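Here is a short briefing on one chain. It covers surface, cores, helices and salt bridges.

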Amino acid sequence: MKEGDVVLTPFPQANRQTKNRPAVVLRELPPFGDLLVCGISTQLHQSVQGLDEVISPTDPDFLATRLRKASLIRLGYLVTLPRTEFVGSIGEVSAERHARLLNRLGEFLLRMHRPPLKSLGIIPARHASSRFPGKPLALIAGKPLIQHVVERCQRAKSLAEIIVATDDVRIYEVAQKFCRAEMTAAEHPSGTDRIAEVAARCDCDAVLNIQGDEPLIDPAGIDAVAGALAQAEMSTAATPIRSPEEYENPNVVKVVVSAAGQALYFSRRTIPYLREAASRSAHEQLAAFPFLKHLGIYGYRRETLLRLVKFPVSPLEAAEKLEQLRALENGIPIAVVKVEYDSVGVDVPEDVGRVERLLKSEMRR
């Protein structure tokens with residue numbers, strides 16, 4: 001057995017038993033020649049972004065591995081064992097893949113020793129709104145909407161500071177009573193451009209763009225999106241679509257995600273198209289595939305954000321009216337973290353009562 005071999009080895013299981021599983025030999029370790037191996041699994045959904053790697057039948061070295069189907073090489077699942085405990089070798093990965101796995105593992109270990117990113121939460125807020133003028137200052141359970149959002153963000157463990165970015169003096173004067181507030185230019189075409197102006201004058205490594213109309217945003221979801229930036233230029237969140245109404249609603253943005261946890265595409269259409277189930281009801285299609293709803297929270301490395309806003313509006317962005325497509329069209333990958341919480345936004349005045357009832361219900365738990 002040598003480095004790069006695919007071997008069978010007894011891996012520990014959750015029940016404290018062992019089971020023979022395929023693994024890749026990464027290194028022979030001195031002084032006794034023990035082998036450091038990483039497990040191979042067919043559970044592709046368990047992939048850790050930036051660490052694990054998928055090997056599929058279309059790869060040039062797949063046949064040489066003697067694996068039966070697409071598999072996940074799990075660098076996060078390491079075991080060191082003496083040679084005597086290995087069942088034997090069944091194949092091998094290419095020298096190029098072996099070198100890539102070692103480099104990725106080394107980079108990951110280096111990141112473990114780097115200081116954490118300094119991340120800022122920036123909430124863009126406008127007073128003008130066609131459906132709800134003055135929305136950030138609307139009172140919900142006795143507090144302005146923007147204050148509810150800020151207080152949720154302050155519960156997150158990953159944010160060094162919360163900043164409200166606005167072009168309206170009224171919002172600025174209210175917001176600075178409970179967090180830092182920054183005035184911005186009035187002509188920004190989007191919230192992304194508004195937060196980029198603030199980020200350009202801040203000392204930080206990363207920025208989270210947090211919607212100012214979600215008073216029930218989950219702090220753990222914020223931390224998950226921020227955490228993904230340790231291995232990504234840009235990140236966002238998604239949650240399962242649970243109702244036919246969301247499935248069919250073009251205002252609910254859908255996202256499809258790769259096995260590595262990166263966004264493949266966002267659309268107002270329902271994606272993917274289930275060819276074999278296209279004639280079935282929405283209920284049946286939801287049961288047949290794990291459709292994902294995109295949540296409007298974004299994380300950016302600071303330099304990525306400042307680069308992104310310099311790109312012109314892209315064709316797909318113009319077609320779908322979705323800013324995140326500009327990133328994909330310009331080669332910026334977006335890591336997607338899957339969360340269980342769902343967004344509850346305040347879009348019109350009628351939403352205030354609904355949110356107040358949810359807040360009361362939450363306080364009673």
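**Surface and overall build**

The chain exposes about 18,700 Å², and carbon and sulfur atoms supply 52% of that area. The model is predicted. Of the 365 residues in the chain, 48% are buried.

- The secondary structure comes to 12 helices and 17 strands.
- Taken along the principal axes, the C-alpha atoms fill a box of roughly 70 × 50 × 45 Å.
- Among contacts between residues at least 6 apart in sequence, 67% join residues at least 24 apart.
- The chain carries 47 positive and 45 negative charges, and their mean positions are 3 Å apart.

**Nonpolar cores**

- The largest nonpolar core has 42 residues. L208, I210, I222 and I297 have the most contacts inside it.
- Helix α3 (residues 145-154) gives this core its largest share, five residues.
- A second, separate core has 29 residues, among them A165, V207, L292 and A327.

**Covered helices**

- Helix α3 is mostly covered, with eight of its 10 residues buried. The buried residues are L145, I146, Q147, H148, V149, V150, R152 and C153.
- Helix α5 (residues 191-200) has seven of its 10 residues buried, so the rest of the structure largely encloses it.
- In α5 the buried residues are T192, D193, R194, I195, A196, V198 and A199.
- The cover over the buried residues of α5 includes the strands β7 (119-125), β10 (159-166), β11 (180-183), β12 (206-210) and β16. Helix α9 (302-308) is also part of that cover.

**Salt bridges**

- The count comes to 23 salt bridges.
- R27 and E3 meet through their side chains in a salt bridge, at 2.7 Å from N to O. R27 lies in strand β2 (residues 18-29), while E3 lies in the segment before β1 (5-12). The two are 24 residues apart, and the pair links distant parts of the chain.
- How exposed are R27 and E3? R27 has 37% relative accessibility and counts as partly exposed. E3 has a relative accessible area of 32% and is partly exposed as well. Both values fall in between the cut-offs of under 20% for buried and over 50% for exposed.
- E53 and R104 form a salt bridge at 2.8 Å, N to O. This pair also links distant parts of the chain, 51 residues apart: E53 is in strand β4 (residues 53-55) and R104 in helix α2 (residues 95-112). Both residues are buried.
- E53 and R104 also belong to a network of salt bridges, in which they are linked with D59, D61, R97 and R100.
- K293 and E246 form a salt bridge, with the closest N and O atoms 2.9 Å apart. K293 lies in strand β16 (residues 292-301) and E246 in helix α7 (residues 244-248), so the pair ties together parts that are 47 residues apart in sequence. K293 and E246 are both buried.

How values were computed. Residues numbered from 1 in each chain as written. Predicted model: local features only at pLDDT ≥ 70, side-chain atom pairs only at ≥ 80, totals over all residues. Heavy atoms only, no water. Core = buried A, V, L, I, M, F, W, Y, C linked by side-chain atoms within 4.5 Å. Buried < 20%, exposed > 50% of the residue type's maximum accessible area, 1.4 Å probe, protein only. Helix = DSSP H or I, 4+ residues; strand = E, 2+ residues; numbered from the N terminus. Salt bridge = Lys/Arg side-chain N within 4 Å of Asp/Glu carboxyl O. Contact = heavy atoms within 4.5 Å. Areas by Shrake-Rupley, 256 points an atom, 1.4 Å probe, with all protein chains shown as cover. Lys, Arg positive; Asp, Glu negative; His and termini not counted. Charge placed at Lys NZ, Arg CZ, Asp CG, Glu CD.
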